[in-house]
Every structure is written in structure tokens, then in C-alpha cells.
Amino acid sequence: MDDYIIITNNPMVVEEFGTEKEIEFYDVDYENILVKVRDKIYKGHELLSHPLSGSVKPGETPYKSIMVSKRVGSLEEKYVKLIESSIQTVGKFSFKPTINDQKTLKDLQVVDRTLLNSAIASADA
Amino acid sequence: MKLEMGHIFIKDIVFSDTSKIEDGVLYVSKAELEKIVLSDEKLKEVSFDVAKPGESVRITPVKDVIEPRVKVEGEGGIFPGVIAKVGTVGSGKTYALKGMAVVTAGKIVGFQEGIIDMTGPGAEYTPFSKLNNLVMVCEPIEDIKPHQYEKAVRLAGFRVATYLGELSKSLTPDETKVYETQTIMEGKEKYPDLPRVAYVQMLQSQGLLHDTYVYGVDAKQTLSTIMNPTEVMDGAIVSGNCVSACDKNTTYHHLNNPVIHDMLEEHGKTLNFVCQILTNENVYLADKERSSDWTAKMCEMLDLDGVIVSQEGFGNPDTDLIMNCKKIEAKGVKTVIITDEYAGRDGKSQSLADADAAADAVVTGGNANQVIILPKLDKVIGTLDYVTKIAGASDETLREDGSLEVELQVITGATNETGFNKLSAR
């Protein structure tokens, strides 16, 4: 089994990796996925992929998948700094459109999954 | 390495039965171009249009902008490893069609491409409003995946640009510029008293739809490396990404990188331009550490005094930018970083997602959150269907009078981080 956990709100990630990867799915918004990751980091998990990956800006995509280590060690300041500043950045994107268009939602899921794939490729290499 | 760049000025583009360049006019045969584009079975249809400076035209969603070039003398061909065979470029003689571009448009991932306005307030923010643009909108076959569509459109754009570049091969350029650089030791001997400076270029490499290619290799899978600065002028780096429009480097930006041009201008006068260093912007944090370690190590091994670092994109790459800056400075090498800002609509928020005290020399390309109203224009090339979905737009974007209320993010090249724009701050 891999030594990482995927924290996500993207249903497409669950569909694709549900059985072969350890996934924690939360039905929450982008910002709250980052909060879930922050909780993990404070417990001593390492942050493995960048919380702001992708250039679809926070507030413009509802989906986010982030990778943390399964291993729990001591709290690392650099990860705390990165996740806290990422949460702050998300807060800056004040306008949060409601996207109801299924085609666009699917596109956004694909992009998030693609970014995650890129991290998985590095992690599994 | 010495490269002679011949510029052929194109003052107009006209559709015609045969393709040729005559008296500064580019005549293009749609039928010939169509054959070139549709040679890829993933594309079923293409339409061509011309957008000229000052016309009431909006091009959207823009994917890439490409300047046609042709290799006249010397090793290799334009877009090595992509269109031409792999072979080191950057020496000999190359011609470029100036004053025009090939613009690829199409709803690849719909929501993430940009706008080029040829007139009005929006035109002031994009350098491409000043060019005669040959726009190609490609339609894919059914059930194609977004990344396959992106690749098909990307390559079709390069094929068309290469074809147009070839038309100039036997012409006499209107203007010639010569760029010459030395090897490491030659440079040291020739300019013993000048500061040794390199250009660190960070390339977007976050995964499919977010990639950049160097000699045909996906930059995501590369270790930081060095190049001669003239190599990019022959298309050694091409864009393959659909990231937000304002701060992505199109292929046109890579071919005409202003950091490289300005540094070559100063080479031998105020500085010794040692080389270009390429590094990536991956999503996996260990990759970021490794790439920035290598970049800093190379700066040290090259005995540099200073570097200019340019970023591509926002958020995730802010971390690479700061890692590069911190680690290079720690080696005793001075840095100047070029970025853009997402400082909120009022400009009062923290500009970058990361920061460090070592980043004390920063050039900005402007605030991408700045709001702008784009008036309704007479003609749209592409489609407005997705205009509310592109980064920097919202459901309220399309106003009753047909104008668009958007953030600068939507405009192709508006806050470019190689400085290929007009915005900055003092």
C-alpha cells in the first residue's frame, strides 16, 4: 500500500482510485479541504502536494485533492506555514460563483484529477 | 554561439488561392492550411479568420499565440523535438514574421482560456492586439479527452506557423539582428570585470493541460538544466498549457522572451550573460525541493554573481519562486524575481501565496485581480459561451448591455511574468 493519503472533495478521484488508494472524501468546499489538510498537518502528517496546485483559481473551482503522508511524525513548521498561507490565499478570492453546469463541473473534476495524477506519478516513481 | 535573426515585417494578412509573402503582405490559402490542420485525425474541422489591430473584434477562448519562423542556415529546425527533428538550435540564421501571429482558439477546457480584444480598453492590456492575427478555431472529433484535444490544437498551431514561416525562406529580411554569446570560459576571459548573470526561467509543469515542452520533453520530468539563450528564438521551448491567460507564457512569449532580449542587449556592456537556466513548477513538494536545490547548485557551480528569475502562473508556483530565490541567495548569488500579483480587487491583500525576506528585489507584472469593463465588440472569433467560465470571470460577467465585467486575469498576457506587458509598479 502507498505511504500517502489523498484528501479530496472530488468524486471523480474516488471513482478512479477508490479501491487502490487510501482516500478521505469530504463533501465540503475547496477552502474546507484545505482546513482538513491543516488538521492533518497539526497532527504531524507531512504535506506532499501543493495545496494551491493548478491554475484554476480557488473560488473558480469547487474541487481540490491534496496528498499527505500516512506516516505521522513531529509537527513541521514549513508545512504549517504553507497550508496557513494557502488558506489565507483562498480567502482572498472573495467571489465564489455557483457552478451548476454539469459539463463545466466535469471539466473541473478532470483538471483536479489530472493535477493529482501528476503528484501520484512523482510519489509512485 | 551566434544567431542572426532576420525580421520580415507583415503589414497585412489576406486570404488567397495560393500562399505567399509579397511586399509585406501575407497571402494565405485556407485550403492549404486546412489540409495541414486536418492531417491530425483528432481534429474534424477548422475555421480561419483574420483579426487586425483596431478592429472591433474579440478573440476568445485563446489557447496559444505563435510567431511563424523558419531556419535559413545552421543546425536544427524550428520547434525542435516537436515539429523539426531533435537537434540543437540557436545558431546560424533564422527569419521571423514580425507584426503577426497565429492564434489558436477553441473551447478545450472551456473555462480556462483567455481573451484578446483588438480595440478598446482590453486591447491596451494585451500585446497581441497590436498584431495581425491569423486565428484558427479547431473542432475535435467526438468523445475526445481534453488533454488529447489540447495536444491536437497545440501541434496544429505549430504546423501552421511552420508552414507560414517557410514562405519567407527565400526573402530578404527588412531588418537583421545578431545575437552572440560565449562559452563559460570564453565569457570569463572576454569580460573579466563584468558581473556574471544568468536567467532562471521557471516553466509551468503541473500535469496534463499545465505543461511546457523543452525540445519536445515535458518539463515536469526534467531536472533543472542550462541552455544557450538563443535556443528559445528557434522554438526550443513551447507552451502546452491551459492555465490562466494573464500570466501564462504563450509560445510567442518564449520565442520573444524579453528577459533574454534585454540581457543580450546588456551582454558585454553592463553584465556577462552566462546562460539560461530552466527549472520547473511541479505540484509534488519533493519535486519542488529537488528542482530548486539543483537550480541553486548550478548557480553556485557557474560562479554567478546574480540571476533574474521569472515565474509562470500563480499560487503553486509562488512556492517554487520563493524556494529558488531563498536557496540561490543562500549560495551568495543575488536574485531579482519577476512575478505578478493576486492582491484582491482592491489591491490590498498579500500579493503572493508565499514570501521570504530573501526576496527583496521584486518586479511585478501587475495585479491580476484588477477589475476591468470590456465593452461589447462587433465580432467574436471563437465563442462567448465560456466567457463566464474562464478564470477571472463570474456569472455576473456578461452584463445587460453586452459588456463584460472581468478581472485582468482573463486577458491573454496582461500580467505576463517575463515582462512582456505594460503593467508594473514602483
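Reader: What makes A:Glu77 and A:Lys81 in helix 3 of chain A exposed, and on which face do they lie?

Author: They sit on the face turned away from the buried side of the helix, and a residue is called exposed if 12 or fewer other C-beta atoms, placed from the backbone, lie within 10 Å of its own, buried if there are 20 or more, and partly exposed in between. This is a predicted model, in which local features need pLDDT of at least 70 and side-chain atom pairs pLDDT 80 or more, while totals for chains, interfaces and linings use all residues. Residues are numbered from 1 along each chain as its sequence is written, with chains lettered from A and ligands numbered from 1 in the order in which they are written.

Reader: Which residues of helix 3 of chain A are buried, and how do you know that they share a side?

Author: A:Tyr79, A:Leu82, A:Ile83, A:Ser86, A:Thr89 and A:Val90 are buried, and because they cover an arc of only 120 degrees around the axis, they lie on the same side of helix 3 of chain A; the arc is that of the directions from the helix axis to the C-beta atoms.

Reader: Why is A:Ser65 called buried?

Author: A:Ser65, found in strand 4 (residues 65-72) of chain A, has 27 C-beta neighbours inside 10 Å and therefore counts as buried. Setting aside residues up to four places away in sequence, A:Ser65 touches several residues, including A:Ile6, A:Val13 and A:Leu116, a contact being two C-beta atoms, placed from the backbone, within 7 Å.

Notes:
Helix = DSSP H or I, 4+ residues; strand = E, 2+ residues; numbered from the N terminus.
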